[in-house]
Amino acid sequence: MNGRRIRSYFVAFAKGYIRNPIGLFFTLIFPIILILIFGAVFANAGSSVVPLYVENLDHDSPASVAFLSALNDTGAVQVYVISPTAGNLSAYLAKNSETAGLLIPDGFESALVAKTPVDVVVFTNPAAASQAGIVIGAVQGVESAFNLKEAGGSVVVSSSYLNVGSRIFTYIDYLIPGLIGFSILTSPMFSMVNISSTWKRDKLFRQLSLTPLTRAEWLTAAMIWYVLLAIVAALVMIFVGRTVFGAHVSVVPWMFPFLVAGPVLFVSVGLLAGSVSKTPETAAVIGNVILFPMMFLSGTFFPVSGFPQYLQTVAHVLPLYYVIDGLNDGILFGNSVGALRDLVIVLIVAAVLFAAAVSVFSWRED
Amino acid sequence: MTAAVVVKNLVKTYGAVRAVDGIDFTIETGEVFAFLGPNGAGKTTTVEILEGIRPSTSGEVSVLGKDPWKDARQLQQRIGVIPQDFHFFPKLKPREAIDLYSGLFGVPSRATELLDRVELPDKDEALFENLSGGQKQKLGLALALVNDPQLCFLDEPTTGLDPRARRAIWAVIRGLKAEGRTVFLTTHYLEEAQLLADRIAIINLGHIIAAGTPKDIIQRYGRPERLQIVGDPAMVEPLRRQVGLPVEVQDGSVSVELHAKGDALKVLSWVDSSGYRYSSFSTAQDTLEDVFIRLVGASDHSAMDIAPEGDAA
Ligand SMILES: Nc1ncnc2c1ncn2[C@@H]1O[C@H](COP(=O)(O)OP(=O)(O)O)[C@@H](O)[C@H]1O
Ligand SMILES: [Mg+2]
C-alpha cells in the first residue's frame with residue numbers, strides 16, 4: 001500500500017464521480033427526494049383515531065373504567081389499557097414510539113366520591129401536534145362530562161399535561177436512518193457493479209494494471225470516496241429531515257462506524273456482482289435483484305418491527321437490516337449495546353464479502 | 001547490442017484456439033520492430049504476454065532480461081504501453097490523466113512537455129470522452145511516455161485514424177527511436193511498417209511467416225523483377241519460346257520475369273522487331289504489400305482488410 005498512489009488515484013476517481021451527474025444524483029439528490037416524498041405522504045397519514053395508551057393505577061375501579069369507555073366513545077381516540085408500568089408510562093411510550101398516553105392515578109374513584117380534586121396525566125408529543133390536540137380535546141371533553149354528572153358541576157377531575165420526552169418518534173424519524181442506510185447501499189453497490197463490469201469491457205483495468213497501482217490501493221481509494229459520500233449524504237439527510245419535517249434525528253458518533261463499514265460491505269457486494277457477470281447488462285440485473293429485497297425488507301421505509309414474523313426472519317439475513325438497525329440504535333435510541341452488536345455483524349459480513357470479492361476480481365487477462 | 005526482447009517457441013491457446021502457435025523472434029535494443037499481420041493474427045496476444053498482463057501457455061519470454069508475468073511490477077517501471085483500442089477514464093482531462101499516471105509512477109508530472117510532444121493542444125480542457133480518435137490515441141502515447149520507458153509497446157496505434165493524426169503519431173515514433181528507445185509496433189498497415197520499422201515480422205494465424213528488414217523480406221519472398229508490356233497478348237507464346245523466360249498475362253498486360261541484367265533489353269528488342277502491337281512498357285518489382293498478400297494468402301481476405309475503426313479482436 002502506497003499513500004501517494006492512493007491519493008493520486010483518489011483524486012482522479014473523485015473527479016470522475018463528481019463530473020458524472022447521474023452518480024451524484026443517486027447519491028445526494030435521490031435520497032432527499034425520497035425523504036420529501038415519503039415524509040409528505042406519511043407525516044399526516046394514519047386514521048384520525050389516535051391510539052391512547054392508558055395506565056390505570058386505580059385498579060380498574062368502575063369510575064376509571066367508565067372514564068375510559070367514555071373516552072373511547074368520543075371516537076377520537078382508541079384506548080389501549082396496558083399493564084401497569086409502575087408509573088413509568090413515559091418510558092413505555094418512548095420505547096414503543098407511541099405519541100399519546102394517559103395515566104389514571106390511584107384513588108381516582110375515591111376522589112370522585114369524596115369530590116376532592118384529582119388529576120389525570122396526559123402525555124403527548126409536541127412533534128405530533130395534531131394528534132396531541134385530538135387527545136387533549138377528547139380528555140377535556142370527557143372530564144367536563146364527568147364533572148357535570150358526578151360532581152354536579154364542580155371541578156373534581158382535571159388533567160395535567162406532560163410532554164413525552166424527546167424519545168418519541170414519528171415516521172420521519174425512522175425514515176432518516178433508513179434512507180441513510182439505503183444510500184450506504186445503493187451508491188457504492190451500483191457504482192461498483194457498473195465499474196467492475198464496464199471497466200472490464202473498456203479495458204480500463206488492463207490500463208491500470210500497466211501502472212504500479214495495486215488492486216488493494218485501487219479498492220482503498222474507491223472505498224474512501226464512498227465513505228466520504230456516505231457521510232455527506234447522511235449529513236444532508238439529517239439536515240433536510242430536521243429542517244423540513246422537524247425530525248428528531250441528530251448527528252451522533254455512533255452513526256460513523258456504520259458509515260464506514262457499510263460502504264465497505266456494499267462495495268464488496270457490487271464488486272462480486274460485477275465480477276461474476278459476463279456483461280454490464282447482466283451485472284445491472286444482478287444489482288437490482290440484490291437491491292430490491294434489501295430496500296423493502298431491511299427497514300428502509302418501514303420499521304422491521306412492524307413486519308409479520310416471517311418477513312422479520314427474512315430481514316434478519318439481509319446485511320442492510322443490520323446497518324439500518326444499528327443506525328436506528330445510534331441515531332434514535334442511543335442504544336450503544338444494540339449498535340455495537342449490529343456493527344460487529346456488519347463488520348464480519350463486510351470482511352467475508354470483501355475477501356470473496358478480492359479473490360474473484362482480477363485485473364490481468366487470462 | 002543486447003536484445004530487449006527474446007521470444008522462443010511462444011505458444012498461447014484459448015481453449016481450442018491456438019492464437020500464438022510457436023513463434024520465435026528477437027528485438028534488439030534501440031530498434032523499431034513491427035509485427036505486421038491481419039486481424040486475429042495473434043499480435044495483441046503476443047504483445048500482452050510481453051507486457052506481463054497475460055500469461056503464456058508455453059515457451060520462453062524475456063523482456064529487458066525479466067520474465068514479464070513474474071516480474072510484471074518491476075518491468076512496469078521500464079516499459080511504456082499503448083494498448084489496442086486505448087480507452088481512458090471518460091471524465092478526466094488529458095492533463096489530469098497525465099498527472100494521475102505521474103502520481104502512480106511516482107515521477108514529477110511533465111504534462112505540458114508530453115502534451116506538446118504528441119501535439120495534443122495543452123489548453124484543451126475537453127474531457128477524454130469528448131476527444132477525437134486521434135486525440136485519444138495521442139494521449140495514450142503521452143501516457144506511455146510518462147515513466148520515460150526504455151521499451152515501448154504500441155499496439156495498432158494508428159488504426160482508424162485520419163492521415164494527419166497518423167502522421168503525427170509516426171513522428172512521435174520516429175522521435176522515440178531517435179532517443180534510443182526500443183519500439184515494438186504492431187500494425188496491419190503495410191505502409192506504416194515499411195516506413196517506420198527497422199525490422200518486420202509478418203504474422204498470420206499465430207505463425208511468423210516472414211521476418212527481416214523490408215528489403216530482406218521482398219528479396220527473399222518477392223517474385224523477381226518483371227517487365228510489363230501493354231500490348232497484344234498473342235505475343236506471349238512466341239516471346240516465351242524466344243527468350244526462355246517465364247511469361248504470363250497479368251492484369252491485361254504481358255509480364256516477363258527478368259532473371260539477368262540484360263533480359264529486359266533482350267525482350268524489348270524482340271518485341272519491337274516482332275511486329276506485335278504494343279503501346280508502353282514498364283518494370284515492376286514486388287512491394288511489401290505484394291509479398292504480404294501472397295504470404296498471408298489470397299484466400300485470407302482479412303489480409304487486405306484495412307478497417308476504418310480499430311478492430312475488435
Ligand atoms: N481472450 C480471448 N479469448 C479467446 N480467444 C481470444 C482471446 N483473445 C484473442 N483471441 C483469439 O486469438 C486470436 C488472436 O487474437 P489477437 O491476438 O487479438 O490478434 P490480433 O491482435 O493480431 O488481431 C484470434 O483468433 C482471437 O479471436
Ligand atoms: Mg490486435
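These notebook entries record what I looked up in this predicted model.

**Entry on a helix pair.** I began with helix α10 (residues 255-276) and helix α13 (residues 319-333) of chain A, which pack at an angle of about 170° with their axes 9 Å apart. I then listed the contact: α10(A) contributes A:Met255, A:Phe258, A:Leu265 and A:Phe266, while residues from α13(A) include A:Pro319, A:Tyr322, A:Gly326 and A:Ile331.

**Entry on the magnesium ion.** I next looked up ligand 2, a magnesium ion, and found it coordinated by B:Thr44 (OG1) and B:Gln84 (OE1) at 1.9 to 2.0 Å. B:Thr44 belongs to helix α1 (residues 43-51) of chain B, and B:Gln84 to the loop between β5 (79-82) and α3 (94-105) of chain B, so the pair ties together parts 40 residues apart in sequence. I recorded B:Thr44 as buried, at a relative accessible area of 17%, and B:Gln84 as buried at 4%.

**Entry on aromatic pairs.** Over all chains, I noted 37 aromatic pairs. One of them joins A:Phe10 and A:Trp225 edge-to-face, at 6.0 Å centre to centre and 65° between the planes. A:Phe10 lies in helix α1 (residues 3-18) of chain A and A:Trp225 in helix α9 (residues 215-245) of chain A, so this pair ties together parts 215 residues apart in sequence. I marked both A:Phe10 and A:Trp225 as buried.

Methods:
Residues are numbered from 1 along each chain as its sequence is written. Chains are lettered from A and ligands numbered from 1 in the order in which they are written. This is a predicted model: local features need pLDDT of at least 70, side-chain atom pairs count only at pLDDT 80 or more; totals for chains, interfaces and linings use all residues. Side-chain values use heavy atoms; hydrogens and water are left out. Axes are lines fitted to C-alpha atoms, for helices over the stretch in contact, and angles run from 0 to 180 degrees between N-to-C directions. Helices (H or I, at least four residues) and strands (E, at least two) are DSSP runs, numbered from the N terminus. Contact means heavy atoms within 4.5 Å. Donors are N, O and S atoms within 2.8 Å of the metal (3.2 Å for Na, K and Ca); water is not among the atoms, so sites may look incomplete. Buried means under 20% relative accessible area, exposed over 50%, partly exposed in between (1.4 Å probe, protein chains only). Rings of Phe, Tyr and Trp (its six-membered ring) pair if their centres lie within 6.5 Å; planes under 30 degrees apart count as stacked, over 60 as edge-to-face and the rest as tilted.
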